[in-house]
Amino acid sequence: MIPILKELADKSRWSTECFDGQLHLSGRVLSPIEAQAAGIASKTLMSKMMTAMTPQTDADEKTKEEKILAKIESLTPEDLLTFGSMQDRIICQVVDKASQDGEAWEKLLLCVNESQQNPLRNVLWVGVLSQDDKNLIFEKAMLSVKEASEKLENFPE
């Protein structure tokens, strides 16, 4: 049983490069309960966003582009603002370490308000992250939750 527990524990952490590789960020996955508390339970918005973010596997490039455009057009400005705020809160909740070289890690706190930012205390405003970096962090946190859930469903009784 110990090997599967180690595998599950390893899946609770992730790291990624941000700011074009200038900074490495590390964090933990978002638990399903935390995801619900953060407002992710809004299935309509989440399914719209995850569908729009999921790459297509169709061979026909024109069809792929048309499908992506149709998905994007179905999103309202309110959907995007709601998702953006939720995404920022989640990123602040899960990111906890930073490194310039990917080896030596220091604690990092991301905050949702620019006025709370304090680089001398390793507090950074989430708004300085590019949307691509935010999407990558969010995907890592959410996909890890999905993977962990699938593993637990197959956990021996």
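1. Helices (H or I, at least four residues) and strands (E, at least two) are DSSP runs numbered from the N terminus.

2. This is a predicted model, in which local features need pLDDT of at least 70 and side-chain atom pairs count only at pLDDT 80 or more, whereas totals for chains, interfaces and linings use all residues. Residues are numbered from 1 along each chain as its sequence is written, and side-chain values use heavy atoms, with hydrogens and water left out.

3. Leaving aside residues up to four places away in sequence, L129 is in contact (heavy atoms within 4.5 Å) with C18, F19, L25, I91, L110, K134 and I137.

4. Two salt bridges (a side-chain nitrogen of Lys or Arg within 4 Å of a carboxyl oxygen of Asp or Glu) are found in a search of the whole structure. In one of them K134 pairs with D88, the closest N and O atoms being 2.9 Å apart; K134 lies in helix α6 (residues 131-153) and D88 in helix α5 (residues 77-94), so the pair ties together parts 46 residues apart in sequence. Both K134 and D88 are buried (under 20% relative accessible area, with exposed over 50% and partly exposed in between, for a 1.4 Å probe and protein chains only).

5. A salt bridge also joins the side chains of D96 and R13 (2.9 Å, N to O), linking strand β3 (residues 95-99) to strand β1 (residues 13-18) across 83 residues. D96 is partly exposed at a relative accessible area of 26%, and R13 is likewise partly exposed, at 33%.
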